[in-house]
Amino acid sequence: MLYKITKNEPCEQVLKADPDQVLTFLNAVFRRCKVGEGNYALRAFEHSAEGRCVLRQAVPFDRMLKGILVEAANVIAARSAPPAVLSPPVCIFGNETRDGKSTATERNVLAAPAIVIDLDKAPRAGLEAARTVLGPPTLVVQSGGLWVASDGEQQPKLHVYWRLKTPASSDQEKIDLKRARRLAALISGGDRTAAALSHPLRLPGSWHTKGEPRLCHVIENNVEAEVGLSDALALLQAEADLRGLEAGDSRPADSRTGFKAEAPLCRGDLLALAAAIPNPDAPDWNNWSDTGMAFYDASHGSDDGEDAFHAWSEKAVIVHDPEATQYKWDHIRLSPPSDISTGTLIRRAKQAEPGFRLPSGATIRAELRPEDFFDPIPELPGGAGTDGQEWPEPLDIFGHEDPASLSEPPQGALPETLDRWARSEARRKGVSLTFAAASAMTAVAAAIGGSLRIRPRVHDDGWTEPAAFWTALVADPGSAKSPTISAAVQPLRELDKERWRLDKPRHDEWLAATRRRGKDAPPPGPEPAIRRCVVDDITMEQQVRIHAANPRGLLRAPDELAGLLGSLGAYKKGADADRSQLLRLFDGGEITIDRVGSGTTRADSALMTVLAGTQPDKIRSLTRDLGADGLLQRCIFVLDDGADRVGIDEPADAQALADYRQLVRHLAQAEHLSLSVVRASPDAQTVLVGARRRISALVHLPGASGALQGHIAKWEKLLWRIALVFHCANEFGRAGCVDCEVPLSLETARQAALFAGHLVQHSIEFYRRNYDASTTNTEAIGIAGWLLTRPDISTVTRRDIQQARKSLAGVDNVRQLLRAMEELVIAGWCKEEARKVDGPTKWAINPAVHERFFGQAQREQEERKRKHELIKEAGAARRALAEALDLNSARGLNEGAFA
């Protein structure tokens, strides 16, 4: 016999494998693999909680394989309790061994022949979703399991295979195939663990023996159907992008045991190290190489480690070369380090920032020297936990943005022309620099409109973005919102006035000729356009008519955003139609409005920019009505910082105003080819893709509402639109025009990333103020506030929390309590100290929270004291009312008795 197998008594029913099914599978899936090269891994696993492997054997991938598989399937089917399943990986392995045995790891894969998905939930729908993207599969297999829908319908679980024209064999091909399999699983709702190239999968022709035996068999065989890996990956990526799905790290896991770091650091820790470790502009190249190797080992070679190395490397602005950094990382992957890892990174971070701690709270004792744990300072915030380990720095879960951080963008975040204009106007109007800068950015975007577009991806010609924003300045009345907006839009209004003087007489003349035209006279020619840049209060139907004559786009600048959004459908029943049309104006596609009375109004290109002010109370009312369809999520809300400013009576920066005016007028009148597209340089592409990733990660902020998550998704568009506006501003300042052949530069990309990050800060604060956080986050914040009022306790139990938070009292709320406490554990506020079967029962409190959030604790104490006094007053008033009622009742009875 070729293999060892756990001995069991034979079952009563004799189950035999189907040789034809086995042969069909091998011929279809492994058709492009070279027979006689490599090994095939026989694997079988028990149907038990442990999933114990009961068959582990490498056999040659040759013409004897069919017979070996049939014999193995028969032996596995004959097992009694616990039954097992024959599930070999769908690949061919090389000759790598460990302890004398061939390894079935991703690193040892010699040839991977197929894109595979395992559909164990909603299999029919998943199959159709994948088929729509990849076309007909080579094989569809009923695995033997059943999925039960909510309505009780049973559907057979499926394994689906798309054979590759050429099996994946190189490192890059294996990386691409694993990513393709992950994307296919995401799109179809399949099991994501099946993306691993060495993932075991039930063999067609063998038996599913968990419960009633069922044969795993082929139900669809398109033996000639196959796909190219690069084409399939592009199709899957495009579909995932359309749905907003992210596959994550697709690199095969490094199964070697040579990593010095026992476990890889998380993304947050790696990026924190990259931020803390200095990298001067005149670096020691040996140090640069060592740091790259340390990040590789500390991350186990993951994409997160690669991103951290890039982030650290680009801090040396003058000498940074993204291609060289990537080449170095790929070289390290081929020759990984053995004696440099996490400890090196932490030592260097501590040397630069005494007291540095990994954000996750992880400690790497085995790799650090004693001095790495005890900083040469008298005392650090926090202290040792009950297990003797250092506490992490507790995170701020209250989420209140410092108002001062909202007022001014980071240094170097604006093109020079916009920066100088914004600073002059901010001083003179008495507003924050961000108010002026965002207004200028939006006005410049309106000038560009759809005349130029930017291509966010290197290999995707189908996705381009125009220059258009929906920007709203949010502040109380009297905060100079309208004067700031008017100043930003002024060059466009001047241009409209000049064009009106030229275009209106021509249009009037044409209109008169049309009316005078006799029955058989020829028409007076096409209707002359009245060129426009700006519209104010207007119906949607009339706006579309203006779009038809102005295909590059329009700026809508109402006095109040709430007026624009609240007036949708003001002249007809309901606002849904106008709202759906408004959503289409964000991207500038074609739009058609059909009316019974006025007929059809159409514009082939209708792009709208919005620049408006609004008040906090008005926008709060709109969030209740317009938050569901993504309309508000497309807006950039710029918040007032609350500072008490007064406009300075000083002369305007005349040169700044002149340069800004010239920029806006040039961009509004510049003619480009209809297919003019700006592309980013490789360096700029790297910066902007990294910025997009960082912004996208914000969906995981504690308590992030669904509305904020929806808004964050829009930043994949908004970031590139900012980059396009900044590119045009910088190019005009440099050359006096915008040449579409000049790529977006690294400097411009950095400006766009910085300003986008600043605006995202405003977004986070806006959604915190106007949308409810998740229940879990609300409860976590409530518990945290209560803990700050109890500096005398070092541990807390479920009972303590339930007594303090009545909303969590009772058995029914235990799960919510545990979720809230888990959020506090993640945030570094506490650690689990005791647990039962159903979860933790006791937590130790990080003593650093009382120092870190002293101000918050005072506010909590004052608020509780205020509420206590109000309750006392209310109780006294209630008693007085009751006494008065009793007295009046007694008087009434007495009066009635003597009447």
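This is a predicted model: local features need pLDDT of at least 70, side-chain atom pairs count only at pLDDT 80 or more; totals for chains, interfaces and linings use all residues.
A disulfide would require two cysteine sulfur atoms within 2.5 Å. For C91, the closest cysteine sulfur is that of C33, at 9.2 Å, and this is too far for a bond. C91 is buried, its relative accessible area being 0%.

C737 likewise takes part in no disulfide, as the nearest cysteine sulfur, in C740, lies 9.5 Å away. The relative accessible area of C737 is 35%, so this residue is classed as partly exposed.

## The five-stranded sheet

Five strands form an open sheet in the order β16-β17-β20-β15-β21, and their pairing is parallel. At the edges stand β16 (534-535) and β21 (635-639), each of which pairs on one side only.

Within this sheet, strand β15 (residues 470-474) runs parallel to strand β20 (residues 608-614), and five bridges join the two. V474 stands opposite T614 in β20. Helix α13 (residues 433-448) packs on the sheet, where it touches β15, β17 (554-556), β20 and β21. The direction of helix α13 makes about 155° with that of β20.

## The surroundings of L270

L270 belongs to helix α6, which spans residues 267-276. With a relative accessible area of 0%, L270 is buried. Leaving aside residues up to four places away in sequence, L270 touches L265, F295, A298, S299, D304, G305 and A308.

Technical notes: Residues are numbered from 1 along each chain as its sequence is written. Side-chain values use heavy atoms; hydrogens and water are left out. Helices (H or I, at least four residues) and strands (E, at least two) are DSSP runs, numbered from the N terminus. Buried means under 20% relative accessible area, exposed over 50%, partly exposed in between (1.4 Å probe, protein chains only). Contact means heavy atoms within 4.5 Å. Two strands pair if DSSP finds at least two bridges between them. Axes are lines fitted to C-alpha atoms, for helices over the stretch in contact, and angles run from 0 to 180 degrees between N-to-C directions.
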